[in-house]
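Please read this briefing alongside the sequence and the structure shown below. It takes the pocket first, then the ligand, then the backbone.

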Amino acid sequence: MLAAFVSTPSPDDPLSVLEVGERPAPEAPDGWVTIDVKAASLNHHDVFSLRGVGLPAEKMPMILGCDAAGTDPDGNEVVVHAVISSPDWRGDETLDPKRSLLSEKHQGTLAQQVVVPRGNVLPKPAELSFAEAACLPTAWLTAYRMLFVKSGLRPGQTVLVQGASGGVATALIVLGSHAGFRVWVTGRSEEKRAAAVALGADQAFETGARLPGRVDAVMETVGKATWSHSVKSLKPGGTLVVSGATTGFDPSAELNRVFFTQLSVVGSTMGTRTELESLIQFCATAGVRPLIDVEMPLADARDGFARMVEGRTAGKIVFTV
Ligand SMILES: NC(=O)c1ccc[n+]([C@@H]2O[C@H](COP(=O)([O-])OP(=O)(O)OC[C@H]3O[C@@H](n4cnc5c(N)ncnc54)[C@H](OP(=O)(O)O)[C@@H]3O)[C@@H](O)[C@H]2O)c1
């Protein structure tokens with residue numbers, strides 16, 4: 001079957017090790033189910049995988065991709081939950097020390113078929129297209145948990161989203177503005193800032209710019225390039241929710257500000273199946289839709305990866321199968 005995969009990592013030149021070609025079709029073990037993929041979306045996780053971050057060479061060749069929407073063997077339209085926990089794990093699966101995301105231990109979704117545990121299959125509502133549904137399981141679920149589970153924000157409060165055009169950033173803007181938060185955004189270009197305001201942000205600023213006031217919470221996925229600005233932008237007692245570090249994992253922690261202004265730094269990763277159900281329901285009932293930058297055939301995956309590596313994002317990149 002056609003798939004986008006990696007056989008050898010390259011820390012410095014991820015595009016050079018992306019392969020788009022034939023891989024064996026997966027076989028579903030007991031309790032797992034084969035999904036015919038109709039649409040799969042790209043995440044920065046897939047670029048990190050090409051670099052070998054979180055995906056050691058001994059796990060390769062590995063089909064990339066965490067997110068998929070498609071059909072199950074009975075023809076039902078479904079969305080795939082990307083967090084695979086141990087069979088005996090109970091409770092919040094993101095806290096299972098042995099959990100993985102699709103494409104870390106098990107073959108991923110950028111393919112004609114993917115196999116997943118039966119419990120990871122959720123119904124796709126008719127209101128959402130396959131492409132829209134394929135945006136939800138990673139970037140959008142991560143944004144949902146950051147905003148509604150981890151931040152402690154209430155409608156009317158102000159949230160700063162670092163980054164304007166990425167998958168998680170656009171999800172944070174859309175979900176936050178629909179929930180009644182005042183959303184401030186930083187973006188690296190005038191075009192990206194204007195797009196963030198069109199999406200629902202109250203105001204957008206240059207990366208690192210002084211804000212009109214301090215915020216109740218910051219949503220951080222950019223990492224080293226914006227961390228200091230995030231820490232300085234919070235009100236005393238504010239909350240910094242971090243789920244990613246695209247530009248580097250090791251900024252100065254600025255501990256003096258953290259304790260003196262009594263900030264909470266809260267880590268967040270993906271979300272639970274129940275949170276994904278709630279997100280899907282929120283989209284279906286509130287008319288919220290993921291921002292899709294571009295849809296392209298899986299055979300053209302290299303173009304989509306190049307856009308992400310070069311920072312030419314404007315929402316989610318979706319591959320149709
Ligand atoms: N923990 C989890 O469960 C989880 C889940 C999803 C994602 N993540 C992580 O979250 C991050 C974002 O993922 P994504 O899929 O949304 O990636 P993406 O679509 O490639 O978006 C990248 C974002 O980073 C910003 N950015 C990149 N370089 C920057 C720089 N030098 N200065 C300022 N901003 C910069 C971009 O801002 P502009 O718009 O200004 O260009 C853009 O918003 C990744 O690190 C990913 O691994 C973690």
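The lining of the largest pocket draws at least two residues from each of H1, H3, H4, strand S12 (182–187), helix H9 (301–309) and strand S18 (316–320), where helices (H or I, at least four residues) and strands (E, at least two) are DSSP runs numbered from the N terminus. The model is predicted, so that local features need pLDDT of at least 70 and side-chain atom pairs count only at pLDDT 80 or more, while totals for chains, interfaces and linings use all residues. Residues are numbered from 1 along each chain as its sequence is written, and side-chain values use heavy atoms, with hydrogens and water left out.

**The largest pocket**

- A pocket here is an open set of points on a 1 Å grid over the protein atoms alone, where a 1.4 Å probe fits and protein lies on both sides within 12 Å along at least five of seven lines; lining residues have an atom within 4 Å of a point.
- The largest pocket holds about 1200 Å³ of space, a volume being the space filled by probe spheres set on the points, which are joined across faces, edges and corners.
- Its lining counts 48 residues, of which His44, Phe48, Thr221, Gly244 and Thr246 are the closest to the centre of the pocket.
- With four residues, H1 gives the most to this lining.

**The ligand and its shell**

- The ligand takes up the space of the largest pocket, and a molecule sits in a pocket if more than half of its atoms lie within 2 Å of the grid points.
- Helix H1 (44–51), helix H3 (136–150) and helix H4 (167–178) are the elements that give two or more residues to the shell around the ligand, and H4 has the largest share, with three residues.
- The ligand is surrounded by 28 residues, each with a heavy atom within 4 Å of it, and the closest are His44, Ser165, Lys192, Ser243 and Met270.
- A polar side-chain atom of Lys192 lies 2.7 Å from an oxygen atom of the ligand, a polar contact being a pair of N or O atoms within 3.5 Å.

**Backbone features**

- Met60 and Pro61 are joined by a cis peptide bond with omega of about 0°, and Pro61 is placed in the loop between H1 and strand S4 (62–63).
- Ser103, which is not a glycine, has a positive phi of about 85°.

Key: A polar contact is a pair of N or O atoms within 3.5 Å; within protein, one must be able to donate a hydrogen and the other to accept it, and residues adjacent in sequence count only if both atoms are side-chain atoms.
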